[in-house]
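Subject: Structure handover

Hello,

Please find the structure below, with the sequence. My notes on it follow.

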Amino acid sequence: MGIIKKLPVYLEKIPGGGIVTTSLDSIFSYSQASSLWYLLFGTACCAIELMATGASRYDFDRLGMIFRASPRQSDLIIAAGTITKKMGPRLRLLYDQMAEPRYVIAMGGCTVGGGPFYYDSYAVEKGIDHIVPVDVYIPGCPPRPESLLEGCLTLQKKVKTLKIQDWS
Amino acid sequence: MNREELAKYLLDKFSDKIEPLETGKAEPFFLLKKPEDLVEFCRTVRDDATLRMDFLCMMCGVDTGENFEVVYSLASIKNRLRFDFKFPLPYDKAEIDSVQEVWAGANWFERETWELYGINIRNHDSLKRFLLPDNWDQGFPMRKNWDAPDFKRMPEV
Amino acid sequence: MAELRTEEFVVNMGPHHPSTHGVCRFVLTMDGEKIIKAEPVIGYLHRALEKICENRTYSQCIPVLDRFEYCTSMSCNQVFSLAVEKLAGIQVPERAEYLRVIMLEFNRIASHLIWLGTTSLDLGALTPFLYAFREREMILDLFEMTCGQRLTYNYIRIGGVARDIPSQFVPMAKQFLATFDHKVDDYERVLTENPIFMARNQNIGVMSPELALAYGVSGPNLRGSGIKFDLRKDDPYSIYDRFKFNIPTGQNGDCYDRYMVRIREMRESAKIVRQALEQLPEGEISAKFSPITFKAPAGELYSRIENSRGEMGVYLQSRDKEKKPLRVKLRGSSYNHLQVMPELVRGHLIADVVAVMASMDIIMPDVDR
């Protein structure tokens with residue numbers, strides 16, 4: 001009954017069980033938030049922390065987050081690591097290949113705003129938010145796995161509030 | 001062979017080609033007098049039985065503000081030796097020969113030097129962009145006087 | 001009967017590919033299923049570290065260099081500190097040298113564990129990945145209690161180390177080392193004799209010693225080809241000449257040999273840490289060094305150390321009484337390892353590109369800088 005407690009539902013008991021009535025929006029967004037499959041998009045240091053988050057101690061899977069190698073199967077890009085000017089168009093391409101609704105997490109200082117490579121670097125994009133729209137920013141260089149988990153929980157909260165007509 | 005013996009051996013053998021450099025610390029550091037000698041010098045130190053410099057640690061360009069320099073660091077895995085040499089290049093005649101035929105691994109180092117400094121490499125098999133984006137048109141970014149509209153220098157504090 | 005027409009075709013692999021360990025792209029020219037030409041395309045992670053270092057003071061360079069090769073940040077710190085120390089003639093205190101060796105070797109184990117995890121993941125085995133990261137987290141705990149970071153440590157500084165180890169460090173490190181050898185046995189039990197793993201690795205990507213030397217291949221990959229060369233023994237820096245350890249080598253130079261070399265190296269590193277913890281003296285942890293007013297004398301040098309992937313070097317050129325270096329050239333070993341890849345994968349299948357790349361332990365920050 002866990003799921004029913006968290007959703008606005010109307011439960012009508014009938015002999016042998018019950019009928020649950022709820023809005024399409026709530027059931028859709030709830031299921032989506034609970035299984036955000038992310039694209040394995042690691043470019044630099046943050047990718048190691050992303051791997052560590054997926055590995056034994058932090059166990060990303062318990063949030064329903066499983067990595068996918070193909071953008072067509074994923075709901076979320078975790079942009080983990082520096083995006084250079086050469087990589088920028090590829091990130092956009094991958095984002096465009098994903099199906100709606102799609103989300104982006106900017107992980108680490110480089111993706112938030114250039115990070116340690118803001119000054120004196122001729123090759124680094126100063127923030128990915130002028131390439132793709134970003135939903136959650138996670139600062140840190142690199143962010144700890146706990147921060148990443150917190151960022152994902154924040155995204156889940158956001159996803160739960162979205163309605164179907166918001167999908168562009 | 002220790003450092004002093006190596007330096008002495010090299011200076012005796014190549015007295016017309018190299019001279020010692022005082023700014024070099026740690027390992028023997030030489031100045032190659034004529035850039036034209038480069039390939040021949042490299043081949044000789046690689047094939048010389050006492051030296052056998054079979055390993056190119058790295059090769060890079062330097063912009064000192066007055067001219068270019070090209071630095072080579074060599075090592076011998078067989079005889080456990082190491083030394084470096086360099087030579088200056090004027091801005092208007094920045095061109096060197098490729099040492100690819102001596103050490104195949106020089107290929108990318110030279111390509112990088114060409115791309116970031118604009119030092120032309122003769123006899124190189126693939127001088128194509130590789131570190132910078134394919135549509136890069138802002139010149140040679142590692143030069144000291146290089147600048148671009150979105151390039152920010154760290155402010156002095 | 002009409003003659004069959006065949007033609008080559010080109011396959012693009014990367015830059016976003018789950019098993020290229022970063023953002024490397026291969027343009028493969030195929031004849032049926034055989035690769036006849038492979039061309040690595042790099043630069044997707046070129047962050048211009050060398051340019052950045054030219055506008056930083058010597059001590060400001062160290063946190064930048066943490067990002068140069070993030071799997072072994074300690075050795076990036078070490079190689080740069082070593083270069084500046086040689087340049088300016090700074091003597092590092094005894095205790096700092098021991099702390100450096102302990103950290104460097106722990107970092108080597110941590111880096112090899114990443115390699116082990118990702119390699120087995122690439123070849124389709126998920127369990128060793130979880131095993132390897134379990135032990136890696138223990139090492140990261142040690143680092144974290146010492147310098148507060150999990151990945152980019154900024155711990156080894158010019159003249160010594162940033163701070164002393166906390167009191168729980170030595171017992172925890174000993175506890176880790178006590179069980180580590182058994183953990184390596186566990187990894188070996190899963191992989192070493194595994195028929196699938198052997199079939200994917202043996203006689204794949206064979207690198208002859210001559211080829212390795214011509215391309216400047218170093219580290220475990222060079223030793224996998226049978227050349228017994230390790231900078232820790234053959235050009236000792238820091239205090240590596242005080243420890244007893246072996247240098248494992250392979251014979252055939254195939255992926256399997258490189259795997260065995262790295263597995264054995266983890267045990268050797270554990271040996272070094274054990275000895276260093278035994279001998280760890282009391283005393284100062286840093287020489288007198290002011291990061292703000294430090295000005296290097298004029299000079300230039302190339303300093304190199306053995307990190308987990310091979311030879312890591314820094315070429316440093318300085319002007320007299322300048323706070324900033326004139327030129328910092330970073331030499332990462334993967335740069336050369338990726339360069340030799342086309343030779344190794346010629347005639348193999350696409351799936352072998354993944355196996356060869358994994359066994360060479362190529363990561364991209366090292367290549368692109």
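Which residue of β2(A) stands opposite K13(A)? It is G18(A). One caution before the rest: this is a predicted model.

Chain A

Strand β2 (residues 17–22) of chain A is hardly covered, and of its six residues the number buried is zero.

As for confidence, the average pLDDT of chain A is 84, and 95% of the residues score at least 70. Within chain A the lowest mean, 63, belongs to helix α1 (residues 2–6). The highest, 91, is found in strand β7 (residues 136–138) of chain A. Please keep that in mind when reading α1(A), where confidence in chain A is lowest.

Chain C

Chain C contains 14 helices and eight strands. Its C-alpha atoms fill a box of roughly 85 × 45 × 35 Å along the principal axes. The radius of gyration of chain C is 21 Å, which agrees with the value near 21 Å that a compact globule of 369 residues would have. Of the 369 residues in chain C, 56% are buried. Taking contacts in chain C between residues at least 6 apart in sequence, 71% join residues at least 24 apart.

Three strands of chain C form an open sheet, in the order β1-β2-β3, with antiparallel pairing. The edges are β1 (9–13) and β3 (34–41) of chain C; each has a single partner strand, so one side of each is left without a neighbour in the sheet. On average, and with direction ignored, neighbouring strands of this sheet are turned by 20° against each other. Strand β2 (residues 25–31) of chain C is joined to β3(C) by seven bridges, and the two run antiparallel. Within these strands, L28(C) stands opposite A38(C), a residue of β3(C).

Contacts with chain C

Between chains A and C, 28 residues of chain A are in contact with 28 residues of chain C. On the chain A side, the elements that give two or more residues are α3 (45–54) and α4 (88–97). Helix α3(A) gives the most, with four residues. By class, this side of chain A divides into 17 nonpolar, five polar and six charged residues.

The contact between chains B and C takes 32 residues from chain B and 36 residues from chain C. Here the elements of chain B that give two or more residues are β3 (55–63), β4 (68–76), β5 (81–89) and α3 (106–117). The largest share of the chain B side comes from β3(B), with six residues. The residues of chain B that touch chain C comprise 19 nonpolar, six polar and seven charged.

Regards

Key:
Residues numbered from 1 in each chain as written. Chains lettered and ligands numbered in written order. Predicted model: local features only at pLDDT ≥ 70, side-chain atom pairs only at ≥ 80, totals over all residues. Contact = placed C-beta atoms within 7 Å. Nonpolar A, V, L, I, M, F, W, Y, C, P; charged D, E, K, R; others polar. Pairing = 2+ DSSP bridges. Axes fitted to C-alpha atoms, helices over the stretch in contact; angles between N-to-C directions. pLDDT = per-residue confidence, 0-100. Rg over C-alpha atoms; globule rule 2.2 N^0.38 Å. Buried ≥ 20, exposed ≤ 12 C-beta atoms within 10 Å, placed from the backbone.
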